[in-house]
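Hi everyone, thanks for making time today. I'd like to walk you through a structure I've been looking at, so please have the viewer open and follow along.

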Amino acid sequence: MWLFIFTELLFFGGLFIVYSVYRFKNPVAFHLAAEELNTSIGTMNTVILLISSMTVAMSITAVQLRQKSRAIFLLSATIILAIIFMINKYFEWSGKFGHGIYPGSEKLAELGTGEVLFFGLYFAMTGLHAFHIIIGVIILTIMLLKVMNSTLNAGYYVQLENGGLYWHLVDLIWIFLFPLFYLIA
Amino acid sequence: MVKKIQGNDPSYLEYKGRFKGIFGWIFSTDHKRIGLLYLYSIGTFFIVGAILGLLMKFELIAPGKTIMDAKTYNGIFTLHGITMIFLIVIPGIPAILGNFFLPIMIGAKDVAFPRLNLLSWWVYIFGAAVAISSQFLGDGPPDTGWTFYAPYSFKTTTNMLPAVLGAFILGFSSILTGLNFIVTIHRMRAPGMNWLRMPLFPWTLYGTAWIQLLATPIVGITLLMIVAERTLHIGFFDPTLGGDPVLYQHLFWIYSHPAVYIMILPAMGIISEILPTFARKPIFGYKAIVISTMLIAFIGYFVWGHHMFTAGMSGTAQFAFSFLTFLVAIPSAIKVFNWLATLYKGSIQLKTPFFWAASFLFVFLIGGLSGLVLGALAINVHVHDTTFVVAHFHFIVFGGVGFAFMAAIHYWFPKMFGHMYDEGWADTGWVVFFTGFLFLYFPMFILGIKGMPRRYFDYVEEFHGLNIVSSLGAFLMIFGLALVIINLIRSARHGKPASMNPWGGVTLEWQIPSPPPLENFEEIPVITKEPYDFSEVKPS
Amino acid sequence: MSTETKTHIVKYKTYFFVLLALLLMTFISVAITSIDLGGLAIVGALLLATIKSSLVLWFFMHLKYENVMFRVMIGFVLFIFLAVMIVTFLDYGFQR
């Protein structure tokens, strides 16, 4: 699973390279464009994901200690937190769309090339990240069902560890997305 | 020594498992059958790619329109590149021969994740289908070249999306194979086979697997960005929206240069296996070759800008990339030296695999040296985007990977199919092919220096003579190729039965039956010796 | 890909304290970037992000308790990524 995580790091890494190049070339425009983003929602989402990383990590301890109901609680909490994250993101995005800000829009083009790049990267990177959250929710749900029917237990939980690793990866990516988009205003 | 099987276990070719007939093959998780699945699919695509190349040479035999117009020519060279690069040479040796022989050479029964291995093949077929569909859908075949450069790749009205998405899907196949091989090599070596007792072909597969794993995702995201550019007008590479087309080139080559090391490292590994066997001498400088392999893989990540010297990069970048390009040549040169030193005072057996390996050395040297010519900034300005580049990469990729593959397929043919190929036809085919190859590609060096551009369907009259030579060379080469391929196809069923060790090789595959049983070894061997000890083994 | 010979069980408390550290650093990053420190603010925020990621890798992702080989691999991967980014900036950073 670590090897797969390396591929994901490089996959997002390509977009981080694009971000750094365009940020370097358009520092002022990026700064201005970032002011359109809501730092509070971004912070809240960061907190949500960090907590969800803790809960999924704890769920492994729970399985190891044969605390099945606690494990179910923790995994469910992780999934719910993920869904809340997605709901926040939905509101953020629809807010932007409502203001005419989306890839290829005229409003965006009017704002300037730096802004076009910033929001292009914003939608691309948070969109790709959200896609990975959805996959993560599916994986975690499968893990939850397996804990519930005891396929995953104290003697065999490597799949849960792998699922957890995937989830932490999603968190890691957000840990970097957050300052680069929300904290440069 | 491996205990000989008494002949009771069926070979992997005859083994009957859960599925019958063709399903026993396309749903098989046996690494040997998967290797053959790749062989047949890649082989078919190779014939398509070769025919495309032949069509290009028909067009180029005379100036002006010969058999097709410019737009058609653009589509043909694009498909030729996509087919050869993404469908053949990148998966190529690892998928076919790596799958077949990696587990055997390290003393394992299969790879670490056999079902993932089968998935890799299915993803490959799916990606190939999507890419090929670009030829037949409504808006016409892609005409950007296999490199999909922005901005044309998002402005052209041709079927870019299936081509780009096909390449994206194929990337997953490559990543999964790389992942599988890394785990296999780390975890499944036979007892006693520590890292420095592992033969050199597995070593190169290891270096290659890391490149497959780490470089492919970057082209993956880059291709998705092209999709976003075409569908959403996102602006990453569109100058009117603030984007930089040169950034596309950076991202594309950050993968595609390491990709050429995916192509050549396993080929080098094959040569490192074949030369000792046919010189009956241990490889010269095993450790140096291991280190060179890792160095090529590592330095290869940082030379990509040499594809972009005329694109408008800063002087600093141009200088750095030129320097690093010269640097990466050094470990390759070390390998060439070690290969030659292996042959020195060896007891040379003049057999087909040796002929292909020896001619590999010749064409690889020419291809590599021409790479240095291209890596020199001042010269590059003159020959960039000319047929000089085309000659360079055909010498080093077709000559390098292709010849090594031919050497390997003849070397391992008796093991894989249990029959011997016809040596007369094989050697004749080699002579014809090699001759045609040289006549086809060498003139392109001269034409390039004289100024003939690449990817053009037309040229000025002064280039006509050499183009005739080149095109005739193509016809000769294809004829030689046909001799080789037909010989192999026929001999797979009708050749003389092969013994366990027809060449006197010392690696583990020569200690199991030809063809091998399903699980390779009756008992997993315990390794006690260095890998290239010829003192006790003779051809049998 | 697993090395389940060791069954090290991490205490809930450990995870909880790691979370507290992560949340603290998150709030600090928000705070320092709301003050006008110019370019330095984002450097600080990225530095904190790096520390946060290290904690996630070390504790949540169990790197502390795994074979050294994984640490070497991650270090190698990160090195390659950063080196590629730096080499890319040899172009963009030195344009006339």
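Predicted model: local features only at pLDDT ≥ 70, side-chain atom pairs only at ≥ 80, totals over all residues.

The mean pLDDT of chain B is 94, and 98% of its residues reach 70 or more. Where in chain B is confidence lowest, and where is it highest? The lowest is helix 1 of chain B, residues 23-26, with a mean of 89. The highest is helix 15 of chain B, residues 423-450, at 97. There is one stretch to watch: over residues 1-5 of chain B the pLDDT is below 50. Beyond near neighbours in sequence, that stretch has 10 contacts in the model.

Now please turn to chain A. Its secondary structure comes to seven helices and zero strands. Taken along the principal axes, the C-alpha atoms of chain A fill a box of roughly 60 × 30 × 25 Å. Chain A has 185 residues, and buried ones make up 50% of them. If you take the contacts in chain A with a separation of 6 or more, 77% of them are between residues 24 or more positions apart.

While we are in chain A, have a look at Arg66(A). This residue sits in the loop between helix 3 (39-64) and helix 4 (68-98) of chain A. Its phi is positive, about 60°, although Arg66(A) is not a glycine. Is Arg66(A) buried or exposed? It counts as exposed, because it has 11 C-beta neighbours inside 10 Å, and the cut-off for exposed is 12 or fewer.

You'll find Lys345(B) in the loop between helix 11 (315-343) and helix 12 (352-375) of chain B. Lys345(B) is exposed, with 9 other C-beta atoms within 10 Å. For context, most residues other than glycine have a negative phi, and most peptide bonds are trans.

A cis bond joins Ala150(B) and Pro151(B), with omega at about -5°. Pro151(B) is in the loop between helix 5 (114-133) and helix 6 (152-155) of chain B. Another cis bond joins Ser514(B) and Pro515(B), where omega is about -10°. Pro515(B) lies in the segment after helix 16 of chain B.

Let's stay in that segment, as Asn520(B) is there too, after helix 16 (464-494). Asn520(B) has 23 C-beta neighbours inside 10 Å, so it counts as buried. What does Asn520(B) touch, not counting residues up to four places away in sequence? The answer is Pro103(B), Ile104(B), Lys109(B) and Ile512(B). Asn520(B) is also 11 residues from Glu509(B) in sequence, and their C-alpha atoms are 8.7 Å apart.

Next, a helix pair in chain B. The axes of helix 4 (residues 92-105) and helix 9 (residues 245-279) of chain B come within 8 Å and cross at roughly 40°. On the helix 4 side we have Gly92(B), Ile93(B), Pro94(B) and Gly98(B). They meet Met263(B), Pro266(B), Ala267(B) and Ile270(B) in helix 9 of chain B. By class, the residues of this contact are six nonpolar, two polar and no charged.

Last stop, chain C. It is divided into domain 1 (1-65) and domain 2 (67-96). The centres of these two domains of chain C, taken over C-alpha atoms, are separated by 21 Å.

How many residues of chain C are in contact with chain A? There are 32, and they contact 35 residues of chain A. Helix 1 (12-34), helix 2 (39-60) and helix 3 (68-92) of chain C each supply at least two residues of that side. The largest share, 10 residues, comes from helix 1 of chain C. Sorted by class, the side of chain C that touches chain A has 23 nonpolar, seven polar and two charged residues.

Chain C also meets chain B: 11 residues of chain C are in contact with 12 residues of chain B. The side of chain C that touches chain B has eight nonpolar, two polar and one charged residues.

That's my tour, and I'm happy to take questions.

Note on methods:
Residues numbered from 1 in each chain as written. Chains lettered and ligands numbered in written order. Contact = placed C-beta atoms within 7 Å. Helix = DSSP H or I, 4+ residues; strand = E, 2+ residues; numbered from the N terminus. Nonpolar A, V, L, I, M, F, W, Y, C, P; charged D, E, K, R; others polar. pLDDT = per-residue confidence, 0-100. Axes fitted to C-alpha atoms, helices over the stretch in contact; angles between N-to-C directions. Domains from an automatic or database assignment. Buried ≥ 20, exposed ≤ 12 C-beta atoms within 10 Å, placed from the backbone.
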